[in-house]
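Hi everyone, thanks for coming. Today I'd like to walk you through some charged side chains and who they pair with.

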Amino acid sequence: MSERLPVLKTYKLYLGGAFPRTESGRSQVVESAGQPVAHLCRASRKDFRNAVVAARKALSGWSARSAYNRGQILYRMAEMLEGKATEFVQALAATVPGGEERARREVEAAVDRLVSFAGWADKYAQVLGCQNPVEGPYHNFSLPEPTGVVTIVAPDEPALLGLIGQLAPVLCSGNVAVVLGSEAHPLATAILGEVCATSDVPAGVVNLLTGFREELLEQFAAHRDVDAISAAGVSAEERRTLELGAAENLKRVHVLEVAAAEDWFEEARFASPELIESFVEIKTLWHPSAS
Amino acid sequence: MLRRTVDRVAADARAASFRTRSIKKDAKLQGLRLVVSMTDLTTLEGKDSPGKVRGLCRKAVDPAPGIEGVPSVAAVCVYPNHVALAKQAVAGSGVQVASVATAFPSGQAPLDLRLEEVRRVVADGTDEVDMVISRGALLAGRTQQVAEEIRATKEACGSAHLKVILETGELETYDLVRRASDLAMEAGADFIKTSTGKVAPAATMGVTLVMLEAIRDHHRATGVRIGMKPAGGIKSAKEALHYLVMVKETLGDAWLSPSLFRFGASSLLNDVLIQLRRLDTGVYAAHYDVSKE
């Protein structure tokens, strides 16, 4: 019997709920031990622009969903990620140093992270908001509202856990995201699109790009229809690019300083509602009280 | 009159081929400015108010305050009730006022009422009249009636330009689109126009190509240049540039002018302005940077 040829997967972008090829037609090859394991898109500025259009369109629907429903959907993402755990472990083990054991630990932590924020979805408002004591016949509430369209620049490592660690708190509070995944290890980002597509995440709420920071960072920061930026694992120079671009329309810039990839596993820091706080706006309401 | 038939598959394939041209940098900038200058900025809704029409006119005259080199649009297109106001709002700017008439969008009213509507909008000062043909009559085979109605409308227009809306989305076949185009041009149309924007599908590249070829053949036979206006459904700047490519490669440079080619659109202009701003500043605009009308 002849030897079977394995089928290599060609991953595309995840954009507006669909899997389009990059508008630029460019691709990159992911290799493991000198052998190609997958083909990926190398996203262009126009892909990013299209992603922002899709995200903006999805924002009103996603933020209007009940907190409980957003929690359910994040939990569904965790379920689907768990179901594809083996695929993620293989992909990470093949391309990221540290072997299978490290990869499995990362995937499990990513699932747990999603579950944490699925739980936070209908609880963060109680922590970040409050009823303010005021003089007079009024109730006075401060309530967190989503900031809007958030661009996420994920760290190179850990490729999956870092991305999920930034994405989950952003989605949890009703924001929508355009993500540039790990540049060094982009495979996990590409597979994550399949998780989003099968877990009731409405089209456009999560948009995943694989590509090069050098080409995309400036637009990630400067695009005027973006409301906030979440970045991790960026150099001082890249941070400067982000902050200069953000000045264009006074975006929020939140850079996570994480000393080592291992730190992302820390639950006390990364499963905390403080991460949600960076991407909400506080609205204060006066309401007449009865009697 | 020679009856021409259209090979639908070939027409669609040829129309699709115009999407493959790459237009960058300087050519793109020129193209986008041309698109702005060819736009009939349109509002045709039951909720149109004087305030909305005034706002639209302001945008028509100066679409992009702050970006250099962006021309005014070709015309504002409104319902008959708003013609006088629009005329006043764009006075002195060179922007034309177009009015739909003849019981737009259905055309289902007695001919004398439709003609009276045309006379009224012309008296109110409209520069261009967008009429609809009787699709029902055409589909029933009463082509002579359709031709006579167009002729009568042209007469009622006086010096105003007449655009004839075929409503291609209701004509079923490309053969009939071609037949209606030939009919309208012979009956005195200054422009032929695809759609009202109220019926889907509105303008498509295939149907526009069929009409452009009818215009080309009419020009070859008579030497008269008829204008073309695709309307409805063209939403992105990129798509608009594809249309310009199609016009250039079908009819030549003479038609790349607001006097012979128009886009009937409302949201297209915003996307073009976002692109022009991007070319001007290097930064993509926010949703709040352009008015939504």
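Let's begin with R178(B), which makes a salt bridge with D182(B), where the closest N and O atoms lie 3.2 Å apart. By salt bridge I mean a side-chain nitrogen of Lys or Arg within 4 Å of a carboxyl oxygen of Asp or Glu. Before going on, please keep in mind that this is a predicted model: local features need pLDDT of at least 70, side-chain atom pairs count only at pLDDT 80 or more, and totals for chains, interfaces and linings use all residues. Side-chain values use heavy atoms, leaving out hydrogens and water, residues are numbered from 1 along each chain as its sequence is written, and chains are lettered from A and ligands numbered from 1 in the order in which they are written.

Where do R178(B) and D182(B) sit? They are four residues apart in helix α8 (residues 174-186) of chain B, so about one helical turn separates them. Helices here are DSSP runs of H or I, at least four residues, numbered from the N terminus.

Are they buried or exposed? R178(B) is buried at 6% relative accessibility, and D182(B) is buried at 10%; buried means under 20% relative accessible area, exposed over 50%, partly exposed in between, with a 1.4 Å probe and protein chains only.

R178(B) also forms a salt bridge with D217(B), at 2.9 Å between the closest N and O atoms. That pair links distant parts of the chain, 39 residues apart, with D217(B) in helix α9 (residues 205-222) of chain B. Both R178(B) and D217(B) are buried.

Over all chains, the structure holds 41 salt bridges.

How values were computed
Helices (H or I, at least four residues) and strands (E, at least two) are DSSP runs, numbered from the N terminus.
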